[in-house]
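Work through the exercises below with the sequence and the model open. Try each task before reading its solution.

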Amino acid sequence: MRIIAEPLTSNLSPGAAAHQTEDDDEEPLVLSPRTPPAEFTGPEHFRSLIGTCFTLQKANFQYKLCPFQNITQKETVYSLGRSKFHGILGVWHDWIVQDFRFSGWKMLHGDDCGKKGPRSTKVIFECGNTAVLSDATEPEQCRYEVTLKLPQACFPDSLLVYPTLTAESQREWDYLEGERENGELTTQGYDKRLKELLTSVGLLKKEADLESATKDNGLRDVADDGAERHYAEVPSTRKPGLALQFARLDQCQEAYGNVVEQLHQLEANCHPPPASPDTP
């Protein structure tokens, strides 16, 4: 396992970021990730990135990204009254898939950030003549986004998910497409089933894995638009105000029929038929 680090050992515990003061000798430290990176998955033309690293100096920080391994941040300018930060922002976890294409990576299980939990990073692809780490931001505390320009991202068809699947998985996807076109699957149901398929082949991680990796870090992307959703079968009882989403159109129609029937029963109870004139 490749660890982004400088060539010297330390006694840091896993998940603990390194800190140095101005008086330190700038002695390099080995950073210890809390978990190993996931195994390589995805398009074979990305495999050539294994073993490479990209650095970016922005403001007072140096970022270092090693694809399919991890990403770190090192504070390079001393700020009076505080120690320098040097830690792991995330470990390779899985792909970001949008519009049926690979659009980036999720790097989770970074160093601890107090109440925010482990640090995490989104790596977003952009087209570039050469591979270069071009930008890094922190949209919210301990949640990072970096831009990696790649020649591989210049050809949208080379980022398609479908060709990377086995023939069996492609047939499963074709079947889902047929169900959606025939109206047998709602859009939400299609998204759910497709995400399950991509999870089964290792391109995405299970929801439980994501929950254990980070708490509400906004990195749980669904296949089409990156928005996290929760799906449920039609329950027999539910809390008031709980919105339902159905995996299949027939489930939605059945639930609607049940609601209409209950409404008619309520109307009958609230407005009983008028008494007959012959009634004594």
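**Exercise 1. Confidence.** What pLDDT does the chain average, and what percentage of the residues score at least 70?

Solution. Start with the term: pLDDT is the predictor's confidence in each residue, from 0 to 100. The chain averages 77. A score of at least 70 is reached by 66% of the residues. Residues 1-13 have a pLDDT below 50, with 38 contacts (heavy atoms within 4.5 Å) beyond near neighbours in sequence. Residues 207-246 are also below 50, with 79 such contacts in the model. Where pLDDT is low, the predicted coordinates should not be read in detail.

Ground rules for the rest: this is a predicted model, local features need pLDDT of at least 70, side-chain atom pairs count only at pLDDT 80 or more, and totals for chains, interfaces and linings use all residues. Residues are numbered from 1 along each chain as its sequence is written, and side-chain values use heavy atoms, with hydrogens and water left out.

**Exercise 2. Elements.** List the secondary structure from the N terminus on.

Solution. The order is β-β-β-β-β-β-β-β-β-α-α-α-α.

**Exercise 3. Rings.** Which aromatic pairs does W105 form with F68 and F125?

Solution. Apply the test: rings of Phe, Tyr and Trp (its six-membered ring) pair if their centres lie within 6.5 Å; planes under 30 degrees apart are stacked, over 60 edge-to-face, the rest tilted. The structure holds 15 such pairs. The F68 and W105 centres are 5.0 Å apart and the planes stand at 55°, so this pair is tilted. F68 sits in the loop between β3 and β4, W105 in strand β6 (residues 101-108), 37 residues apart.

W105 and F125 are edge-to-face, at 5.0 Å and 85°. F125 lies in strand β7 (residues 120-127), so this pair ties together parts that are 20 residues apart in sequence.

Last, check burial (under 20% relative accessible area is buried, over 50% exposed, in between partly exposed; 1.4 Å probe, protein chains only). W105 is buried at 0%. F125 is buried at 10%.

**Exercise 4. Core.** Which residues touch the most other members of the largest nonpolar core?

Solution. A nonpolar core is a set of buried Ala, Val, Leu, Ile, Met, Phe, Trp, Tyr and Cys residues joined through side-chain atoms within 4.5 Å. The largest has 39 residues, and F46, W95 and W105 touch the most other members. Strand β5 (residues 84-98) gives the most to this core, with five residues. Beyond four places in sequence, F46 touches residues including F40, F68, L150 and L159.

Definitions and conventions
Helix = DSSP H or I, 4+ residues; strand = E, 2+ residues; numbered from the N terminus.
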